[in-house]
Structure formats: structure tokens, C-alpha cells
Amino acid sequence: MIAILRGGFLALAIMLALAVPAHAGPFKDGEAAAERGDFATALRLWRPLAEQGDATAQYNLGVMYAKGEGILKDHAEAVKWFRKAAEQGDANAQYNLGTMYENGEDVLQNYAEAVKWYRKAAEQGDSGAQAKLGYMYYYGQGVPQDDAGAVKWYRKAAEQGHAEAQHNLGNLYTTGQGVPQDDAEAVKWYRKAADQGVADAQNNLGLMYGKGRGVPQDNVSAHTWLDLAAAQGDEEAQKGRDIVAKRMTPDQIAEAQRMAREWMAKHQR
């Protein structure tokens, strides 16, 4: 199945900032409080810093309002604080503000505004924002539809290890959208995403092995990857695995299952 994965709101965490704020003492105390789950204390320590213009503290207040940690959940307040941090160049805040505009969370849904903030974060090297821009270009949301633009931004994110972007780039190579059709390149990117546990990529990689597209035809490898996707609840992969199994000997099925178990043991530590 060829499906473009969308991605979601940035995984909200208190410890995302790379720069040490100017008010390191209170900020670090707030970090320690947040780490032990005392979000009310973290909020009390960070709010004065945010009100004084500290972008990292502003971002963290946005996180806490978005998640309802230490305060009642309030997306309007989250937008307010993300905007303050975003306007100071905080890439995480720019990403989250873009997501809130994309989804219409306590702001009027506005794809062009979402693209604006995603682009600012993407140009700072934020892989999540780069992947989001790829999605927006692919579907023509907030920008003219442009497969080549989608490829450009998916590739930037994929090269940084963004799993959904790797999967989506594989899809574009499979279909030849925005790039020359190339099954070997599709397999390369599917494999990278599959090794990060993306079920759709595992399914697609299994299908490529089953059909011998971009790799030598190999029912054992096909069964392995389809089995891994099926273990995550992918119904299409379950059906594909059962079809491939009809072409295999019991020993081959046992080998494929062993390979799947080994992959899970290696990647689920």
C-alpha cells in the first residue's frame, strides 16, 4: 500500500531546548521539578522567565498549556506562548505553532500560516518541520502542489533519520513522483524507515521483496517484513504475509519467523 504518512504534533517534552537560558538557575530548578513530575513548581519557576522574554521558558509554557501539565489544558494559551518563542526563532515552537495552524487548534485553521512556521523551523534544520513541509507540498496545502518540492523536503528530513520522511520518500521513488521512478532507491528508504519500526514501511519493504522490485525476489525476507508489520496490527500486511506463506515451505516459514523474532529482539531493547 502506498500511503503518505502525515506525522503529528511534536512529541511534547520539557527537555527539548538546546541552548541554556540566561536565567540558568531558576530554569534548571524548573527542569528538575518537571523531571520529578512537579509541573506546578516548574510552571511557577518558568513563568517569570517567560514573561521577561526567555524564549526557552516561553516554549516550555506552551508545552505545559498544550499538555495540561501543572495547569489546566488551554490551547489558546499554548498558542500564545509558542508564538512568543517562535517569533524569537525557537524552532520547536515554530514547529508546534505550525501544527496548531494546520490542525486549527484554538486558531483558525490556516495552511499558509502553518507552512510559514514550518518553513522557518525547517530552514533551521528541524527534521520534523522538513517532513511536514514535504507533506504540505505533496498535498498542496498552503502551497501549490509540487511533487519535486515534497521530495526536496522529505529528503532533507530523511537524511536526518526522520522515519516517516524516509517512508514517504520511498513511496515517491516507487511511484516516480517528483523523481525518476527507482525501485532500488525506494527499497533503500523503506528499509531505513522499516528498521525504525514504521509498519507501513515494513509492509512496503515486504511487498518489494515478494515482487522482486528493487531487490532479488525473496519470499523469506518478504514474509519477515510483512510479519513485523502485521505484528503492529497492519491488516494489509497480515493478508500479504498469508499469501506469501502459500508459496513457502514449512522450513522457509520457520526461517522467516526466526528472522522476525531476531529483528524484534534487536530493535525493542
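A34 is buried, with a relative accessible area of 9%. That counts as buried because the cut-off is under 20%. The residue sits in helix 1, which covers residues 24-35. Keep in mind that this is a predicted model.

Now look from A34 to Q217. Along the sequence, 183 residues separate A34 and Q217. In space, their C-alpha atoms are 51 Å apart.

Step back to the whole protein. Its secondary structure consists of 14 helices and 0 strands. Read along the sequence, the pattern is α-α-α-α-α-α-α-α-α-α-α-α-α-α. The C-alpha trace spans about 70 × 45 × 25 Å along its principal axes. The protein has 269 residues, and 50% of them count as buried. The accessible surface comes to about 12,300 Å². Carbon and sulfur atoms hold 49% of that surface. Take the contacts in the protein with a separation of 6 or more: 53% of them join residues 24 or more positions apart.

Helix 12 spans residues 219-231, and helix 13 spans residues 235-245. They pack at an angle of about 155°, with their axes 8 Å apart. Therefore helix 12 is roughly antiparallel to helix 13, since angles over 145 degrees count that way. The crossing of the two helices is left-handed.

Which residues make the contact? Helix 12 supplies N219, A222, H223, L226, D227, A229 and A230. Helix 13 supplies A237, Q238, G240, R241, V244 and A245. Sorted by type, the residues of this contact are 7 nonpolar, 4 polar and 2 charged.

Key. Residues are numbered from 1 along each chain as its sequence is written. This is a predicted model: local features need pLDDT of at least 70, side-chain atom pairs count only at pLDDT 80 or more; totals for chains, interfaces and linings use all residues. Side-chain values use heavy atoms; hydrogens and water are left out. Axes are lines fitted to C-alpha atoms, for helices over the stretch in contact, and angles run from 0 to 180 degrees between N-to-C directions. Helices (H or I, at least four residues) and strands (E, at least two) are DSSP runs, numbered from the N terminus. Angles under 35 degrees count as roughly parallel, over 145 as roughly antiparallel, 65 to 115 as roughly perpendicular and the rest as oblique. A crossing is left-handed if the near helix is turned anticlockwise from the far one by less than a right angle, and right-handed if clockwise. Contact means heavy atoms within 4.5 Å. Ala, Val, Leu, Ile, Met, Phe, Trp, Tyr, Cys and Pro count as nonpolar, Asp, Glu, Lys and Arg as charged, and the others, Gly among them, as polar. Buried means under 20% relative accessible area, exposed over 50%, partly exposed in between (1.4 Å probe, protein chains only). Accessible areas come from the Shrake-Rupley method with a 1.4 Å probe; for residues, only the protein chains shown count as cover.
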